[in-house]
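Dear colleague,

Please find the structure below for your own work.

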Amino acid sequence: MRLRGCSIAGLGSYAPERILTNADLEKIVDTTDEWIVTHTGMKERHIIADDQNCSDLAMEASKVALDDAGMEAKDLELIIVGTVTSDTLFPSASAVLEHKLGANRAATFDMVTGCTAFVDGIVTGAQFIQVGGYDNVLVVAAEALTRITNWEDRSTCVLFGDGAGAVILQPDEPGKGLLSYVMDTQGFAGEFLSLPSSGSAWPPDEKALAENATKIYMNGHEIFKMAVRGVPDIARQAMKKADVTSADIDWVVMHQANKRILEAAADRLGIDREKVVCNIEKYGNTSAASMGLALDEIYRDGRLQTGDLVLLVGFGAGFCLSATVLRWEK
Ligand code: UT7
């Protein structure tokens, strides 16, 4: 059976209005603008409003993507939401979004893979398209990370922001759109980035609240090392599978966790830093949402052109790595 192609037919993103600057953070914890900028590249991040939830961020990005594809929500057959900050563990984020969008025909499920979920969602959605199961798939990566941020921990609270990115996947001619993917998990490193009291092993209780165990824990140093080693490796594997080289890549859209990781990966891959999209100064680390926000930015400002070859690379909790090479067909 010859597989169908799968291309992105619509793209959108959303960031909440409220902005938290490095100067604001200086008033909350013992930090400085200088430390944050030199260690991360971040200057400000967007923060979810009190009357918004993660599903609202997902909905706003989805509406833009649907509009971009010239579609209505009722045309959707499948909705995949990537998030670690769903409104509730269940009903799922995708089920909540289905209702909010009025996408009554759509099947739904979530991907709780953390910062790789935008890539994981696209790769998974593409499987349904390529075998002919569905023709209209919405993939949304949305995070309300500041709701699970420990505002007493300066080593993490300066990093995170909120936002959402969404794509509509549709069939294309064989060989078009998504060209390759590689996904890898190094579960031994799971302890380095976790939400300790969040599931059945340790349901949130008074002890968890007292110890901030319902908030993000990260050993940034270990994750940094794993990212700098792992990103070039998984990117090379995805390029090899797509039969392309670093020289062919027009844009690298990577998880926006740290500007130094973006630069190190670019240098190790031999790709011009100008081709590695960086908008971390405006949004901070929005986990799963970051790559949707970055891809949408180069689409909206006209940098991304039809026919461009895009390398997407995600990394994060798990420890997971996911990469895909796609031809931009829009
Ligand atoms: O999205 C999921 C994936 N996440 C990532 O990829 C994150 C990867 N890790 C990182 O980006 C970096 O490790 C961080 C940005 C989190 C930290 O940067 P670093 O250069 O690795 O700093 P560090 O943790 O080694 O800390 C260096 C120093 C320490 O002080 P001492 O022990 O040298 O005296 C920290 O206490 O910086 C101190 N420090 C701070 N100082 C001012 C840590 N956070 C802050 C802060 N302001 N916010």
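**Cysteines**

The closest cysteine sulfur to that of C54 belongs to C115, and at 13 Å the pair is too far apart for a bond; a disulfide here is a pair of cysteine sulfur atoms within 2.5 Å. The sulfur of C278 likewise has its closest cysteine sulfur in C115, at 15 Å, too far for a bond. By this rule the count is zero disulfides. C54 is buried, with a relative accessible area of 5%, whereas C278 is partly exposed at 25% (buried means under 20%, exposed over 50%, partly exposed in between; 1.4 Å probe, protein chains only).

**Basis of the values**

This is a predicted model, in which local features need pLDDT of at least 70, side-chain atom pairs count only at pLDDT 80 or more, and totals for chains, interfaces and linings use all residues. Residues are numbered from 1 along each chain as its sequence is written, and side-chain values use heavy atoms, with hydrogens and water left out.

**Ligand**

The ligand is surrounded by 23 residues, the closest being T31, R154, H255, N258 and N285 (a residue counts if one of its heavy atoms lies within 4 Å). A polar side-chain atom of H255 is 2.8 Å from a ligand oxygen, and a ligand nitrogen lies 2.9 Å from a backbone N or O atom of G220. The shell around the ligand comprises eleven nonpolar, nine polar and three charged residues (Ala, Val, Leu, Ile, Met, Phe, Trp, Tyr, Cys and Pro count as nonpolar, Asp, Glu, Lys and Arg as charged, the others, Gly among them, as polar).

Yours sincerely

Conventions. Polar contact = N/O pair within 3.5 Å; in protein donor to acceptor, adjacent residues only side chain to side chain.
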